[in-house]
Amino acid sequence: MSKSNWADDVEEVELPEREIITNDDGTRTIIEYRLNEDGKKVKLTRRIRDRVVQEHVNRAVAERKKWAKFGAERNSAPGPNVSTTTLAEVVWLKLSQYAAQQQKQEEEVQDTPVVAKNTHILCRICRGTHFTAKCPYKDTLVPIEEITGEASAAAAAPAKDDIPGKSSYVPPHMRAGAKGAGQDLRERRDEFPTIRITNLSENTQDEDVRQLVRGFGPTERVSVVKDRETQLCRGFAYVSFFDRESAERAIARLNGYPFDHLILNVEWSAGRK
């Protein structure tokens, strides 16, 4: 009598096939049977609702989805088969050529020291909420203190050394009898005849204007006014010549002259005639 194998005594548990039921409300009920950790047969029921979501994809990806199925899936219905395909979470990648630049700007903002809430930044020239050194009118306007006389009054007032945290230092341009900040530089520039060129394109640089006026005589200064944020030309520039005759020739020849697809307007700068 032959001995039987112990594996032959173990009855194989046959699991029912997977069932997919289509409901009247458009949902699908999927019934599956599995074996748990104890080896017992359990029933797993899932109810799925299909939802159509429109999305914009790459043209090549959209064409690839229209390919006919092949192999074991040759006769399957269009779309992914839930029994052979697992749909994972969609991961959206934001690829930008300016990603490095945006990250650098964010780091600069984080590194910028935060100004206290009770601290007020006030420009001494135009009374704007920015530092005086960054004032766009520092070369054309005179500080308001020089007009109203507040600078002289502040310099003549006695210093209060007994107040903690207060400094008795008075800047040289605010002392009695002193000239305003940048006044010497403006007086030196006023010695030269200056013209104002307007209707310039935003891509104009200092060298472009310098090449434009070099045929009329030597220049002391060429300045294209640019925007602080974009660093593009704001549409006008100032040119200072060493002699008045050169400035007059530039005005006579360049006024109405076509430059970079625009018609220039050239005139004397305010207060420089």
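## A salt-bridge network

R18, E32, R34 and R46 are joined up in a network of salt bridges. A salt bridge here means a side-chain nitrogen of Lys or Arg within 4 Å of a carboxyl oxygen of Asp or Glu. The structure has seven salt bridges.

One of the links is between the side chains of E32 and R46, at 3.8 Å from N to O. E32 sits in strand β2 (residues 27-35) and R46 in strand β3 (residues 41-49), so this pair ties together parts that are 14 residues apart in sequence. E32 is buried, at 12% relative accessible area, while R46 is partly exposed, at 35%. Buried means under 20% relative accessible area, exposed means over 50%, and partly exposed is in between (1.4 Å probe, protein chains only).

## Where the model comes from

This is a predicted model: local features need pLDDT of at least 70, side-chain atom pairs count only at pLDDT 80 or more, and totals for chains, interfaces and linings use all residues. Residues are numbered from 1 along each chain as its sequence is written, and side-chain values use heavy atoms, with hydrogens and water left out.

## Pairs within helices

Now for helix α6 (residues 206-213): E207 and R210 are three residues apart there, separated by about one helical turn. Their side chains meet in a salt bridge at 3.0 Å, N to O. E207 is partly exposed, at 40%, and R210 is partly exposed too, at 33%.

In helix α7 (residues 244-254), R244 and E248 lie four residues apart, about one turn of the helix. Their salt bridge spans 3.2 Å, N to O. Helices (H or I, at least four residues) and strands (E, at least two) are DSSP runs, numbered from the N terminus.
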